[in-house]
Amino acid sequence: MNFKDSKSFDNHEVVEFCNDPETGLKAIIAVHNTNLGPAVGGCRMYPYADEGQALEDVLRLSRGMTYKSAVAGLPMGGGKAVIIGDPAKDKSPELFERMGKFIESFNGRYVTAEDSGTSVSDLKQVASQTAHVLGVNEAQEFGGDPSPLTAYGVFCGIESAVNYQLGRDNLSGVRVAVQGAGAVGRYLIKLLHEAGAKTSVCDVNLDNLNRARDLGSDIVDVNSIISAEADVFAPCAMGAILNDDSISQLKATIVAGGANNQLAHLSHATTLKNRGILYAPDFVINAGGIIEICRQLHDDPVSETKEKISHIGATLTEIFTQSHASGLTTAQVAERLAEQRFLSKQDSSNVA
Ligand code: NAD
C-alpha cells in the first residue's frame, strides 16, 4: 500500500507501520508536522476493517492535531497512532510494551497520550518502554484525564458564540442541546447549569443519560436532538454529525460542541453559514484537553492552564469576526490561522 495515494495524505513528514506477529501488534504512527514542536496526539485502538481504513483514520487525525495545536498557540506539532484491534479482546501487556518500543523508535518526534480504545493503564505499559507518553500521572489534576478541561474550553467557546450571535453577555436562560453526556458532555452540562443555562440532552448510554437527568437536564430522544428547540447545538459524541440532512433540521443558530470532525465535509461549513448558523470550528473549541497535555509536556504550573484555555473564547470571537468580514466560513478562517502559524513556525510566544 502506498500511503501517498491516500486522500488524507497531506505532506505528512513520517508514516510508519509496525507489524509484530509475536505480540499481535499492528499499528501505524503518523507524524504530520513538527514545525512548532514534537508531534503530539493520542493512541487510538479500534477494530478497523483493514489497514486502509486504519491508515485513512491516522492520517486524518494527525493532520487535525497539527491544526488544533497551532490555533491554540501551542509549541507542538501534530501526530497520531492507531492500533488495529478490538479493545475488548485484543489487549495484552506485551502488545502495549511493543507499542512503547515502536513509539520510542521516533526518539521524541512523536509523543503519545490516551485516546478512544486505550486507557491510562494501557498507557502505563507503553510508558514502561518510552518516556514519550503523557497523561499517565494520576497525581495530576483529574487523574490526568483532559476531558474536564476540554469541557471548560467548550464552555468558554459557547459563551463567546452566544455573545457574538445573540448579543448576550451571559448564559442565563440560554438553552443548549447536548448530544452525548460522556466524559466531555457531562462536565459541560455542569458548567452550563452553574452559569444559569438550560440543557436538553440525549445519549445512547442509559447510565450517562441518567447522570445527566440527575444534573437537571431535560432528556431528549437521540433522533430529536438535532431538531430540538435550542439556542445552541453542542455535539459531544461522534463525528460527521453535520451533513445536508442534519443541518436542514437544526433550530439552533449556533453549533458549538466538543466532538472531533463534526463536519461530514468541509463544504458543510458553507451550508451552515448560508443558513445563518454560527459554527465554532471543532478543532478550535475542543482544544482544552490538548492545552492541558501541553502543560504536562512542559511541566508548566497547573494554575496557568485554565487561563490559557479561556483564551479559546477570544480566539473564536476573532474567527467569527474575520469570517463575517471576509465571507469565508469560520472553518476556512480557522484553517488559515493554523497554517499561518505552523507553516511560518510562529510559536506560542508570538500568539496574541
Ligand atoms: P465519551 O465516549 O466519554 O462520550 C461520548 C458519549 O456520546 C457517550 O456517552 C456515548 O454513549 C454517547 N453517544 C455515542 N453515540 C451517540 C449517539 N448516536 N447519540 C447520542 N449520544 C451518543 O467521549 P468523550 O471523551 O466525551 O468525547 C466526546 C467527543 O469529544 C468525541 O468526538 C471526542 O473525539 C471529542 N473530544 C474529546 C476530548 C476529551 O478530552 N475527552 C478532547 C477533544 C475532543
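**Entry 1: the cavity.** I began with the lining of the largest cavity, where helix H10 (288–298) and helix H11 (303–326) each supply at least two residues. I noted that I am working with a predicted model here. How many cavities of 30 Å³ or more does the structure hold? I got 1. The largest cavity has about 60 Å³ of space in it. I then wrote down who lines it: Leu74, Ile291, Cys294, Arg295, Asp300, Pro301, Glu304, Thr305 and Lys308. Sorted by class, that lining comes to 4 nonpolar, 1 polar and 4 charged residues.

Entry 2: Next I went to the largest pocket, which holds about 1,300 Å³ of space. I found 47 residues lining the largest pocket, and those closest to its centre are Arg44, Asp115, Ser116, Val184 and Asn260. Which elements give two or more residues to this lining? My list reads helix H1 (51–71), H4, H5 and H10. H1 gives the most, with 5 residues. H10 was already in my notes, as it also supplies at least two residues of the lining of the largest cavity.

Entry 3: I wanted to know what takes up the space of the largest pocket, and it turned out to be the ligand. I see 22 residues around the ligand, and the closest are Thr150, Val184, Asp203, Asn208 and Ala237. Helix H4 (147–166) and helix H5 (183–194) each put at least two residues into the shell around the ligand. The shell splits into 11 nonpolar, 9 polar and 2 charged residues.

- From Val184, a backbone N or O atom lies 2.8 Å from an oxygen atom of the ligand.
- For Asp203, an N or O atom in the side chain is 2.6 Å from an oxygen atom of the ligand.
- With Gly258, I again have a backbone N or O atom, this one 3.2 Å from an oxygen atom of the ligand.

How much of the ligand's accessible area does the protein cover? On its own the ligand has 820 Å², and the protein covers 71% of that.

Definitions and conventions: Residues are numbered from 1 along each chain as its sequence is written. This is a predicted model: local features need pLDDT of at least 70, side-chain atom pairs count only at pLDDT 80 or more; totals for chains, interfaces and linings use all residues. Side-chain values use heavy atoms; hydrogens and water are left out. A residue is near a molecule or strand if one of its heavy atoms lies within 4 Å of it. A polar contact is a pair of N or O atoms within 3.5 Å; within protein, one must be able to donate a hydrogen and the other to accept it, and residues adjacent in sequence count only if both atoms are side-chain atoms. Accessible areas come from the Shrake-Rupley method with a 1.4 Å probe; for residues, only the protein chains shown count as cover. On a 1 Å grid over the protein atoms alone, a cavity is a set of points where a 1.4 Å probe fits but cannot get out, and a pocket is an open set with protein on both sides within 12 Å along at least five of seven lines; lining residues have an atom within 4 Å of a point. A molecule sits in a cavity or pocket if more than half of its atoms lie within 2 Å of its grid points. Helices (H or I, at least four residues) and strands (E, at least two) are DSSP runs, numbered from the N terminus. Ala, Val, Leu, Ile, Met, Phe, Trp, Tyr, Cys and Pro count as nonpolar, Asp, Glu, Lys and Arg as charged, and the others, Gly among them, as polar. Grid points are joined across faces, edges and corners, and a volume is the space filled by probe spheres set on the points.
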